[in-house]
Amino acid sequence: MRTRTLIIVSLAAALFAAPAMAQFAAGMQSGMEVGPTGMGMPGGGQGRATRGPADCSQSANPGQCRARQEAHQKTFEACKDKVGAELRQCMHAQAQRADCAQARSPQQCQARKHAYAACRGQTGAKFASCVERRLPATGCSGASDAALCAQHEKARTLCADKNGAEHLQCLRDVLAPGR
């Protein structure tokens, strides 16, 4: 009787664990690696999610797409062994070294570099808010939907002084007032 119960319990446990093992195996095949906690983590267990490269042959400007991919690869290679504040500092340094002549909009690239430099000491939502306040308005003259662009610019201006959940709520109030 006991052996029969033991066999049934073992079989039930194996059937219960099978889907989890299949998911783990699928994750391992898709580039996930086991991190220090034993959990599957993208990007070699470094805690950073990585996306596969875009297909530059389908891009509007394949040369620019390849140059951008090479620049990203150099940045990640330069900072791959760093974590925390050291990683953030490395990424800022790499952003300052970016060649704006290759950018789609060189003026916007330069403005972003200046904003990053001015906001360097801040982190998280405060950094993002600081950068957003320092970037010039893009203008809606070339936008495919000028009315929507103008609405987003208005939201950006009205919510620039808020952070975190308050910022998100402000954006919701401006962009979708009835919801």
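**Disulfides and a helix contact**

Modeller: Let us begin with Cys159 and Cys170, which are joined by a disulfide with an S to S distance of 2.0 Å. Please bear in mind that the model is predicted.

Colleague: What makes Cys159 and Cys170 a disulfide?

Modeller: The cut-off is a pair of cysteine sulfur atoms within 2.5 Å. The sulfur atoms of Cys159 and Cys170 are 2.0 Å apart, and the pair therefore meets it. By this rule the count comes to 5 disulfides.

Colleague: Why is the disulfide of Cys159 and Cys170 called left-handed?

Modeller: The torsion about its S-S bond is about -85°, so the disulfide is left-handed.

Colleague: Which parts does the pair Cys159 and Cys170 tie together?

Modeller: Cys159 lies in the loop between helix 6 (146-158) and helix 7 (164-175), whereas Cys170 belongs to helix 7; the two are 11 residues apart in sequence.

Colleague: How do you know whether Cys170 is buried or exposed?

Modeller: Buried means under 20% relative accessible area. Cys170 has 11%, and is therefore buried. Cys159, at 0%, is buried as well.

Colleague: Why does Gln94 count as buried?

Modeller: Its relative accessibility is 17%, which is under 20%, so Gln94 counts as buried. Gln94 is found in helix 3. Leaving aside neighbours within four places in sequence, Gln94 is in contact with Thr75, Ala78 and Cys79.

Colleague: What joins Cys79 to Cys90?

Modeller: A disulfide, with an S to S distance of 1.9 Å. Cys79 lies in helix 2 and Cys90 in helix 3, so the pair ties together parts 11 residues apart in sequence.

Terms used:
Residues numbered from 1 in each chain as written. Predicted model: local features only at pLDDT ≥ 70, side-chain atom pairs only at ≥ 80, totals over all residues. Heavy atoms only, no water. Helix = DSSP H or I, 4+ residues; strand = E, 2+ residues; numbered from the N terminus. Buried < 20%, exposed > 50% of the residue type's maximum accessible area, 1.4 Å probe, protein only. Contact = heavy atoms within 4.5 Å.
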